[in-house]
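Me: I'd like to learn how to read a ligand site and some ring pairs. Can you take me through them one feature at a time?

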Amino acid sequence: MKMSKLFVQTLREFPSDAEVISHKMLARAGYIRKLTSGVYNYLPLMWRVLKKVENIVRDEMDKAGAQELLMPFVQPKELWVESGRWEAYGKELMRLKDRHNREMCLGPTHEEIITAVARDVLKSYKQLPTNLYQIQSKFRDEVRPRFGLLRGREFIMKDAYSFGTSQEELEKEYENMAQAYRNIFKRCGLETKMVQSDSGAIGGNVSHEFMVITTTDAGENDVFYCDDCDYAANSNHAVSNLPEAVIDGKEYFKETKVVDTPNTHSIEELSEFLKIPSTLILKSLVYIIDKNPVLALIRADKAVEETKLLNAVGGIEIRIATSGEIGEIMKENGFNAIPGFIGPKGMKLTIIADNTVKNMKNFVVGINQNDVHMVGANLSDLGIDELKYEDLRLVEAGEYCPQCGRPLKVTRGIEVGNIFQLGTKYSKPMNAVYSDVDGKLKPYIMGCYGIGISRTAAAAVEAHHDEHGIKWPLAIAPYHVVIVPVSTKDELQMSTAEKMYKELLSNGIEAVLDDRDERAGVKFKDADLIGFPYRITVGKTITEGNIEFVTRQTNEKTTMKPDEAVKTVIEAVKNIK
Ligand code: ATP
Ligand code: MG
């Protein structure tokens, strides 16, 4: 490819709406152009990268025994009603109607469709296990499409689905996919951690995510992990052993009574006023889950993990209640207490307590009267007969690993893929059955396995860049090498560059010749920004038979002969295949 012909427009500035490095760099280097919120054009450079990621994924999926197919992007409502997700999926599902008023949706994922496909074909145990996958655009009406390709509304995903006859078969395939994922991300030049996670809207029991560990804001997940064993989990699923288990306030409070605590609206103010540690306070938080109020109780020095609370209630959407809503809810319960003084006493709504509450004795709690708290309280003082306990707590770094007891660490991560053990979550309601050895009809035991193709490409930029631009891993770079003649008017420089270019092409190397009549500085800047793994500069030293060879990963410069440069690139590319 000649640079003068390459369909690319690099920008002088980062786009103003870009928050994270990958979005900034991919836009500025001419890889993507935004069409509308969360929807991007993949320009030729980007498309080359995406195809490379896709092909690595394809290669490993095929090697792992999966078969590729392609399902439609537009899906009929009926199948979603069968699975129960037409109601359950929430606003991310983009619903629409056709000219006959039939309801449809844009595919955010394909469990329903693949299950319908499978039940028509996989009728006997003899055909199982089977794993089918596709690589395709998905649409999710994300609340906050941001971070460019990392969280788009339209994005490319590889989604695979396995069908088997038993839990053992599923676990075997799950491990098979986990290994394929390790291979895929390694080949893409990405270091990942496999972490336990919540199963979310997809459902099922066991699931893991593959996280690219990052220190930047682009990592939307907190990952808790242990250096001493293999424990690693998303914050929405992480558990820990707390440093201190039983909390008893008896040395502070000799008896149970109601005391004045004027203007103590926060936990800090209250613990300061009473001169007690915040561990002795029972915190009560009002959430709205699918329009219903829920009161969550937790030891006040700890925070509620919203996904855990959502799962405990079995809802779809969760948010903390506004002060206006809290006012309404209090009124309905016959109180007028404001936040800071709220508690479970006398409240008629769903109440769920975190496990930390189990171990609290003689604590401090709001009793729905302003400017007072009950101290030295126990659950029996609050008129609560039975409390539902769940793990609602957000783990903190330094708490102890549930596996080995060493302190946990935390880091941020970008989820590039995940694997789920679905079991019969879809096959049962959709009556997707096969006939078993014993002649009985049984639902498939299913798994599903996703990889964000476009997100993986963006994550690679997050992991590989410097202030000058992208540093693509060779395996997914749009081109392997750029040849830059410093002066296009210099005949020797041009003829050498062209000769190398042809030689590289004839050896299957994806090379770009920067034939533009631009200053060398401009060409170098573009080369760094676009992120070609190798740059061969043909300048004045060519009169002595030398060129400059630059490796973008390290920015290391070496003087060598043109033949040697060509050989070096050919060798490097051979090694990735
Ligand atoms: P997230 O928690 O980041 O929203 P998810 O749990 O919804 O992800 P899945 O439904 O399991 O993700 O989709 C499989 C893969 O698709 C994810 O691991 C991720 O790599 C990718 N993906 C999901 N949502 C997006 C998005 N909005 N933009 C780009 N890629 C996405
Ligand atoms: Mg999501």
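Predicted model: local features only at pLDDT ≥ 70, side-chain atom pairs only at ≥ 80, totals over all residues.

Me: Which strands each supply at least two residues of the shell around ligand 1?

Reply: Strand S8 (154–164) and strand S23 (409–423) do. S23 gives the largest share, 5 residues. A residue counts as near if one of its heavy atoms lies within 4 Å of the molecule. There are 15 residues around ligand 1, and Arg140, Arg151, Gly152, Glu415 and Asn418 come nearest.

Me: What polar contacts does the ligand make?

Reply: A polar contact is a pair of N or O atoms within 3.5 Å. One oxygen atom of ligand 1 is 2.6 Å from an N or O atom in the side chain of Glu415, and an oxygen atom of the ligand is 2.7 Å from one in the side chain of Arg140. At Gly152 the backbone takes part, with an N or O atom 2.8 Å from a nitrogen atom of ligand 1. Taken alone, the ligand exposes 580 Å², and the protein buries 86% of that; such areas come from the Shrake-Rupley method with a 1.4 Å probe.

Me: How do I read an aromatic pair?

Reply: You describe a pair of aromatic rings by the distance of the centres and the angle of the planes. Rings of Phe, Tyr and Trp (its six-membered ring) pair if their centres lie within 6.5 Å; planes under 30 degrees apart count as stacked, over 60 as edge-to-face and the rest as tilted. The structure holds 9 aromatic pairs. Take Tyr31 and Trp472: their ring centres are 5.7 Å apart and their planes at 55°, so the pair is tilted.

Me: Why does the pair of Tyr31 and Trp472 tie together parts that are apart in sequence?

Reply: Because Tyr31 lies in the loop between helix H1 (21–28) and strand S1 (32–36), and Trp472 in the loop between strand S28 (469–470) and strand S29 (481–485), the pair joins parts 441 residues apart in sequence.

Me: Is Tyr31 buried or exposed?

Reply: Buried means under 20% relative accessible area, exposed over 50%, partly exposed in between (1.4 Å probe, protein chains only). Tyr31 is buried at 0%, and Trp472 is buried at 1%.

Note on methods:
Residues numbered from 1 in each chain as written. Chains lettered and ligands numbered in written order. Heavy atoms only, no water. Polar contact = N/O pair within 3.5 Å; in protein donor to acceptor, adjacent residues only side chain to side chain. Helix = DSSP H or I, 4+ residues; strand = E, 2+ residues; numbered from the N terminus.
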